[in-house]
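Dear colleague,

Please find below the structure that I am handing over to you.

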Amino acid sequence: ECLFFFDDKCSAVRFFVFNTALPTLAYPVADGIPPVISAKQLDLHYNKHHNAYVVKLNGFCDADPSLKNKSLEEIIQISAADAAKKGVFNNAAQHFNHSFYWNCLKPNGSAMPPALEAKISQTFGSVEDFQKKFAESAMGNFGSGWTWLCQAADGSLEIVNTSNAAVPITDGYTPLLTCDVWEHAYYVDYLNRRDSYLESFWKIVNWDFVTSNLK
């Protein structure tokens with residue numbers, strides 16, 4: 001079977017193993033991601049939802065020789081352009097999205113490096129203005145999806161919404177930060193209160209990881 005993991009810079013790395021597995025998180029699932037995400041919520045999201053995408057992706061890989069020896073990003077790009085591979089895309093993209101999301105989070109968060117703070121303030125006016133615009137965009141992201149801070153090809157920063165499994169890399173963006181706004185990401189802790197989840201989200205952002213994605 002073919003599995004996909006992420007290294008410490010979230011570059012897709014492929015391993016050939018016999019058992020399906022999830023990428024190892026940088027924090028114990030049993031502890032949740034305090035003070036925002038409970039252990040129960042994290043266990044459901046990571047071990048059930050994310051794991052299901054990995055298992056299904058491996059099944060597609062085993063059944064389709066054209067996917068052999070391809071990186072996760074290559075599979076996403078190939079399947080995004082082929083309507084017949086919609087199932088492949090959904091599971092590959094959701095594996096990417098979730099793996100990226102886990103890397104964006106850290107128990108109790110981290111301080112924002114000055115270089116990133118300056119770039120965000122230059123683009124959005126201030127960090128507070130950015131967070132407000134990001135939350136507004138996430139609240140307006142109808143249904144299931146993801147809200148991202150991305151870097152465009154010209155180096156500028158943009159807030160981008162994607163629906164369902166869609167991922168910004170298919171549109172040429174470099175993802176810096178993402179927030180999962182599928183209800184399964186927060187329902188155990190916040191029920192249908194997406195606004196409360198988004199308000200708390202900033203307490204666990206790993207700004208060092210976000211900064212590492214800047215080009």
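Helix α2 (residues 72-80) and helix α3 (residues 86-104) have axes that come within 9 Å and cross at roughly 145°. The crossing of α2 past α3 is left-handed. On the α2 side, the contact is made by Leu72, Ile75, Ile76, Ser79 and Ala80; on the α3 side, by Val88, Phe89, Ala92, Ala93, His95 and Phe96. These residues divide into nine nonpolar, two polar and no charged. Please bear in mind throughout that this is a predicted model.

The interior comes next. In soluble globular proteins, nonpolar side chains tend to be buried together. The largest nonpolar core here has 61 residues. Which of them touch the most other members? They are Leu42, Ile120, Phe130, Leu149, Leu177, Phe201 and Trp207. Helix α3 gives the most to this core, with nine residues.

Are cysteine 61 and cysteine 104 buried or exposed? Cysteine 61 counts as buried because its relative accessibility is 0%, and cysteine 104 is likewise buried, with a relative accessible area of 0%. A search of the whole structure finds zero disulfides.

- The peptide bond from proline 34 to proline 35 is cis, with omega near 5°. Proline 35 is found in the loop between β2 (12-16) and α1.
- Serine 66 sits in the loop between α1 (39-63) and α2. Its relative accessibility is 37%, so serine 66 counts as partly exposed. Between serine 66 and valine 181 there are 115 residues in sequence and 32 Å in space, C-alpha to C-alpha.
- Asparagine 108 has a positive phi of about 65° although it is not a glycine. This residue belongs to the loop between α3 and α4 (114-124). With a relative accessible area of 56%, asparagine 108 is exposed.
- Leucine 191, which is not a glycine either, has a positive phi of about 50°. Its place is in the loop between α6 (187-190) and α7 (194-201).

Yours sincerely

How values were computed: Residues are numbered from 1 along each chain as its sequence is written. This is a predicted model: local features need pLDDT of at least 70, side-chain atom pairs count only at pLDDT 80 or more; totals for chains, interfaces and linings use all residues. Side-chain values use heavy atoms; hydrogens and water are left out. A disulfide is a pair of cysteine sulfur atoms within 2.5 Å. Buried means under 20% relative accessible area, exposed over 50%, partly exposed in between (1.4 Å probe, protein chains only). Axes are lines fitted to C-alpha atoms, for helices over the stretch in contact, and angles run from 0 to 180 degrees between N-to-C directions. Helices (H or I, at least four residues) and strands (E, at least two) are DSSP runs, numbered from the N terminus. A crossing is left-handed if the near helix is turned anticlockwise from the far one by less than a right angle, and right-handed if clockwise. Contact means heavy atoms within 4.5 Å. Ala, Val, Leu, Ile, Met, Phe, Trp, Tyr, Cys and Pro count as nonpolar, Asp, Glu, Lys and Arg as charged, and the others, Gly among them, as polar. A nonpolar core is a set of buried Ala, Val, Leu, Ile, Met, Phe, Trp, Tyr and Cys residues joined through side-chain atoms within 4.5 Å.
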